[in-house]
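Hi everyone, thanks for coming.

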Amino acid sequence: MKKLLAVSCLSLFILCAPAASAYTAHGGFEKITDHAFIYVNQAPVSPLTGEEVHVNMVFKDRKFESLQNLPVHLTLVRSEYGDASKDETLESKDFVTDENGSLDYHYAFPDEGYYDVVLSFAVAGASTSTEDATDFIIQARSAATSTVVSGSALPLAAYVIGVALIALSIFSMAAARYRKRGAAPAEPSVDK
């Protein structure tokens, strides 16, 4: 009986966990240059076309101090895998980090494919006069080929299935207890 309950709980977790995170998936990673660490957080990680992506970047020096008021040049390039001659620059912007060394970038990708986000900046007081540069890739997926159900249908379906599994587990446990007890004992008879 305990096994049935464990399997039911595991099934509920397996069904509900992806549904709960399907719309809030985000991720982070770190980029390291000659003079800086850049902590990048992106939401969603794998955006659909037309969906706005929020990218937060925090710049720290090699002593982990925030790089405040750092001028950063960002270039967004639509990359053609295997053919760099078809790469297309979509946007080129200048930013300045805030007092925490942070900057935010938002963009809605028009087409599916790979987008290269290129960052260039020069850390004041660095031993070299060259700019640091790094990049990272964002892959936009077509909404038509996405496996994510739009709206709230997926979380609702997972919730309904989860409740059904819990109800089935409770019913199965009650039925097993009843079978284990057997039929109700008969009233004792008194011989006269």
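I'll talk about the core and then the salt bridges.

Quick housekeeping: this is a predicted model, so local features need pLDDT of at least 70 and side-chain atom pairs count only at pLDDT 80 or more, while totals for chains, interfaces and linings use all residues. Residues are numbered from 1 along each chain as its sequence is written, and side-chain values use heavy atoms, with hydrogens and water left out.

Okay, the core. By nonpolar core I mean buried Ala, Val, Leu, Ile, Met, Phe, Trp, Tyr and Cys residues joined through side-chain atoms within 4.5 Å. Buried is under 20% relative accessible area, exposed is over 50%, and partly exposed sits in between, using a 1.4 Å probe and protein chains only. The largest core has 25 residues, and Met57, Phe59 and Leu119 touch the most other members. Strands giving two or more residues to this core include S3 (52-61) and S7 (113-121); strands here are DSSP E runs of at least two residues, numbered from the N terminus.

Now, salt bridges: a side-chain nitrogen of Lys or Arg within 4 Å of a carboxyl oxygen of Asp or Glu. We get two. Arg78 pairs with Glu80, closest N and O atoms 3.9 Å apart. Arg78 is buried at 16%, whereas Glu80 is partly exposed at 32%. Lys86 pairs with Asp83, also at 3.9 Å; Lys86 is exposed at 55%, and Asp83 is partly exposed at 26%.

Conventions: Helix = DSSP H or I, 4+ residues; strand = E, 2+ residues; numbered from the N terminus.
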